[in-house]
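Hi,

Here is the structure we talked about. Please open it first, then read my notes below.

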Amino acid sequence: MNVTIPKTDHELGSTSVVLLGLIVLLGLAILTGALTVSYATYLIALSGMYVLLALGLNVQWGYGGIINFAVVAFWGLGAYVAALATARTSPLGLEWHPLFALVVAIIFSVIAAILVGLPAIRLRADYLAIATLGFSEIFRLLVANETHITAGMAGLAGIPSVLEDLPFDTVTTNLLVVAVAGALVFLFLRRIHRSPWGRVMQIIKADEDLAESLGKNAFSFKMQTFVLGCVIMTIAGVYYAHFIGYVDPTDLDPLETFFVWVAVILGGSGSNRGAVVGAFILVAVLEGTRFLTDFSIFAALSTGPLRLLIVGVLIVLIMRFKPEGLYPPRDELIWPKSQTDTEGQS
Amino acid sequence: MTVLDIDQVDSGYGDLQILHDVSMHLEEDEIVCIIGPNGAGKSTAIKTIFGLVQPWTGAITLRGTEISGQMPEDIVRQGISYVPQTDNVFSTLTVEENLEIGGVTVSDESTEMIEKLYDRFPILEEKRSKKARTLSGGQRQILAFSRALMVDPDVLLIDEPSAGLAPSLVQDVFENVKQINSLGTSVLMVEQNARAGLNISDRGYVLAQGQVKYEDDAQAILENPEIGELYLGG
Amino acid sequence: MSVIQLAVDGIVYGSIIVLGAVGLSLVYSIGDFPNFAHGDLMVAGAYGGLVANLGLTQIGLQPTSVFSPELLVTIVAGLAIGIVVAVATHYLVFKPLDSGPIALLITSFGVALIYRSLIWMGFGSSARSYNFPRSGPIGSIRDATGLAVTNRMLVIVLATAVVVTTLHFVLQYSMLGKKMRAAADNGDLARISGIRPRETVLTMWVGGGALAAMGGVFLGLHTLIRPLMGFDILLLIFAAVILGGIGSIYGAMLGGFAIGLAHEMTPVIPGVGSEYGAAVAFVIMIIILLVRPGGILGEETT
């Protein structure tokens, strides 16, 4: 088998061009007064959170070929554990230190991922999609109705902001934390993807029977990717709770799951830098629709449906015309052919 | 006269080429058997003829009419029928419904044909309102053949008729193939059980690595010591 | 509330789920993918019915009861919209995609968002209702049995019974029905036998769209018409399809009633309130997926 060395410089080059472009746009928007600084930093922090979510899903879908339609539930698990453990208004009245809550959230996430994954990972792809969506909805209903634990529809306010102990203002801390978390996760994922573990994962995704015949326990490897992805989503949720300071059950709308899916397939399934770019574009689309209604032709429309329409059209168009996404993974071991096919692009 | 002619065909799945420059032909009233090791492309050859796998290059003609590039649902309308190796009956449909679906392209003569098949295979009439999934392996194979015979084909393609059957039933299956042939249908079949397949055949092809390695009268292949060692299990 | 009353409510809600589930099951087995846009297709049908219903009111026709020609017009208009939307989506989106089940699945979610947003844009986000008088429980039934059954409930259950029975005869005895069952059972063998996929796939979308629309109109009749109600019922319909066994039309009928009953009868379980109706249905669905993915009426998967 032919192992090709990814062209790291080139990869990072095109990714940074896109990100730089978005940042320049953002800068221009601030300068022209279209955006305030605080809104702009909010956008970047929000993008950082979606980067984490997209990276988490990319581990599962891109590396492992596992369909997970419960992204919002694992994210919500993080947000709710953080909120319940640290918020002043929490019915549990714990008021823990956020870092301690983070550790607890990760433990819960691992347990939940194992409980969901153990029976479900073996399912056929379409069944897994439906089962995880069902699980996600059960979680949402529990959070909405077990009011004595979760405060129900009233939601939880008064969640302390991220790492208040750091000597920066809240906005800077928010950006710093998500940038560091995103970078760490990104580097970690890139490292494991190129490790022997990552190679086995690629073989499993391409041909599970082949992997089994090579003596690799595909199920165990898939479980590991599933748990890893869920933990990353949970971390994103913990971050969100501290960043926004308020959570309620409407945050658990399954629609969020599909937003993350859009980021991953738009970026290119299996590609981490694709997930990063996809997440930024997603936030640009979600938040950009706010401004579209300023234009007269869209004036009559409200933001909500317009956003749904754009996301829906985006999904249909990507799947039809560019199913491999903007940044198809190029460091493949298995398909030398696809390697040469994508050579000319990006 | 040649009823089916396969001329220099390449085909495969996606980017993966399976058949390389395969040429074969089937004469009127013949039984021809394709043998070869696992993964040689035997099933792919039959699927390519029937349009389930599209040929990349080459031509396939049925009585002089080109059928390559057509879809299976169109090919079956031209007097050729196909019995797949697995999933060859509609398991949730009754025996009679299976036959009706088999005759979907010849609906005018459907009832008459069903009666004929009931005469030939009384077990089908006995089980006519039973779901196909309740049939035994041998009965299921008879139903699979009968479904394909509903169009009264000139040419019948059969993929591994004896696969998965109890050894005691294998001979019955080959008897059926002979009987079908004697009633005026030319048969092209793929068979893993090479000796048994060749025994009832007029001619044979040896396929390996997607290429025709050898072709001859069935008897000659059976007696060829080299082929015997390589492909007939010594 | 009495257990029997809950069961009656379950049969009404189950009827709506049955109509959705049969269509979804058809598409799942013949089109070979789980169509996540099916819930929103139902909503499209519900709004199609609403347009006709409001139109009738505009020209001065005021139905005195739900048993009226106006209801028939409402349903037929809903069906027409459901069929047009389903068939148009097939030709514009699914057919040109020409890809595997997973790509279709993800695409169908995009389609769901498109339906939902267009309906939302066109009709606003507030709940609407059909212009039929809301009458209380039918007196004679209440006196005789103590059960609250409204005219609307009766319409929904009776109409569903008629549709399901008709469908049974079509599937069982017509050649088209047999072809549909053959294509659902084994698509490749159906083609080998000479059944044109064009015919079965088109019939599947017409049938699936019509049944979905009818379910949508009845959902609107039973409760209110909201642009976002499609997703709420979608997973219940999946639960019904999976419970009955994908591809088994009769399974979808049985599964639909079972899920409807489970949804409404949840309060019978000690300590669980009606707010968990959907959750109980999803738990049933997940258990079935794990222990018997072929469904209770389906074949064991091989």
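What share of the contacts in chain B with a separation of 6 or more comes from residues 24 or more positions apart? They account for 68%. Keep in mind that this is a predicted model.

Overall build first. Chain B has ten helices and ten strands. Its radius of gyration is 17 Å, close to the 17 Å that the globule rule gives for 234 residues, so chain B is as compact as a globular protein of that length. Along the principal axes, the C-alpha atoms fill a box of roughly 50 × 40 × 35 Å.

Now burial and surface. Of the 234 residues in chain B, 55% are buried. The accessible surface is about 9700 Å². Carbon and sulfur atoms contribute 45% of that surface.

Next, a sheet to look at. Four strands of chain B form an open sheet in the order S2-S1-S4-S5, and the pairing is antiparallel. The edges are S2 (16-27) and S5 (65-66), each of which pairs on one side only. S1 (residues 2-13) and S2 of chain B pair antiparallel over eight bridges.

H1 of chain B covers residues 42-49. It lies across S1, S2 and S4 (55-62) of chain B. Relative to S1(B), H1(B) runs at about 115 degrees.

Best wishes

How values were computed. Residues numbered from 1 in each chain as written. Chains lettered and ligands numbered in written order. Predicted model: local features only at pLDDT ≥ 70, side-chain atom pairs only at ≥ 80, totals over all residues. Heavy atoms only, no water. Pairing = 2+ DSSP bridges. Helix = DSSP H or I, 4+ residues; strand = E, 2+ residues; numbered from the N terminus. Contact = heavy atoms within 4.5 Å. Axes fitted to C-alpha atoms, helices over the stretch in contact; angles between N-to-C directions. Rg over C-alpha atoms; globule rule 2.2 N^0.38 Å. Buried < 20%, exposed > 50% of the residue type's maximum accessible area, 1.4 Å probe, protein only. Areas by Shrake-Rupley, 256 points an atom, 1.4 Å probe, with all protein chains shown as cover.
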